[in-house]
Amino acid sequence: MATLEAVLMVADEPVPAVRLATVLALPVDQVERLLHELADEYAGRDGGRPRGFELRSAAGGWRIYSAPAYADVVGRFVLDGQSARLTQAALETLAVIAYRQPVTRGQVSAVRGVNVDSVVRTLTARGLVAEVGTDPSSGALLYATTGYFLERMGLSSLDELPPLAPYLPDIDALEGLDGNGGTA
C-alpha cells in the first residue's frame with residue numbers, strides 16, 4: 001500500500017488501475033482492492049481520522065485530491081502561490097504598462113528591447129494587467145493595469161505611482177511598431 005501511495009502522490013493526472021498494476025507488478029484486481037481500501041482509510045470510514053485529502057476514481061483513473069471540506073483554505077493557498085514574486089522581466093514589463101497605459105505589446109517590447117508576449121500572458125493570468133481595447137491605428141490589443149494591481153501595490157490610483165515616466169521613451173517614438181510584422 002505504501003508503494004501505491006508513493007506513486008499516487010506524484011501523479012499529476014488520474015492513473016488507470018491497469019497502469020498502476022503494471023508499475024507495481026501486481027494483479028489489477030489486487031490493485032483495485034488496495035485503491036478502495038486506501039480511499040476508505042483516507043475518508044475515515046474504517047474508524048480512523050479523516051484526512052485532508054482523498055483518493056478518488058475520476059476520468060478513468062485514480063488520483064489523490066484535497067478533500068472538499070477544505071476547498072476554501074486550499075483555494076486561498078493556491079491563490080497566494082500565484083502572488084509569488086515576479087521575475088525581473090515581469091516587473092519591467094509591468095512597469096512599462098503601468099506608466100504608459102494603455103499600451104500595446106509591441107510598444108512594451110520596443111521599450112524593453114525583447115519580446116514580451118509570454119510575460120504579458122503571465123501578467124494577465126495573474127490579474128495584474130488586462131486587455132482594454134484596440135489601438136485605432138494598428139488594431140493591436142491595448143493593455144492596462146487592473147484594480148488588483150493597485151491593490152497589490154498599495155495604491156489607490158495610478159497618480160500615486162512614483163515619478164518614472166519622464167525616463168521612459170516618448171510613446172510617439174514607438175508609433176507604428178504594431179503595424180506589419182509587429183508582435184501584438
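**Terms and cut-offs in a predicted model**

Student: Why is Pro27 called partly exposed?

Tutor: Pro27 has a relative accessible area of 44%, and since buried means under 20%, exposed over 50% and partly exposed in between (1.4 Å probe, protein chains only), Pro27 counts as partly exposed. Pro27 is found in the loop between α2 (17–24) and α3 (28–43), where helices (H or I, at least four residues) and strands (E, at least two) are DSSP runs numbered from the N terminus. The model is predicted, so local features need pLDDT of at least 70 and side-chain atom pairs count only at pLDDT 80 or more, whereas totals for chains, interfaces and linings use all residues. Residues are numbered from 1 along each chain as its sequence is written, and side-chain values use heavy atoms, with hydrogens and water left out.

Student: How do you know that Arg51 and Glu41 meet in a salt bridge?

Tutor: Their side chains come to 3.2 Å, N to O, and the rule asks for a side-chain nitrogen of Lys or Arg within 4 Å of a carboxyl oxygen of Asp or Glu, so the pair of Arg51 and Glu41 qualifies. This pair links distant parts of the chain, with Arg51 in the loop between α3 and β1 (53–58) and Glu41 in helix α3, ten residues apart. Arg51, at a relative accessible area of 23%, is partly exposed, and Glu41, at 31%, is partly exposed too.

Student: Why is α5 called oblique to α6?

Tutor: The axes of helix α5 (residues 88–100) and helix α6 (residues 105–112), lines fitted to C-alpha atoms over the stretch in contact, with angles from 0 to 180 degrees between N-to-C directions, come within 10 Å and cross at roughly 120°. That makes α5 oblique to α6, because angles under 35 degrees count as roughly parallel, over 145 as roughly antiparallel, 65 to 115 as roughly perpendicular and the rest as oblique.

Student: How do you know that Val74 is partly exposed?

Tutor: Val74, which lies in helix α4 (residues 71–82), has a relative accessible area of 31% and is therefore partly exposed.
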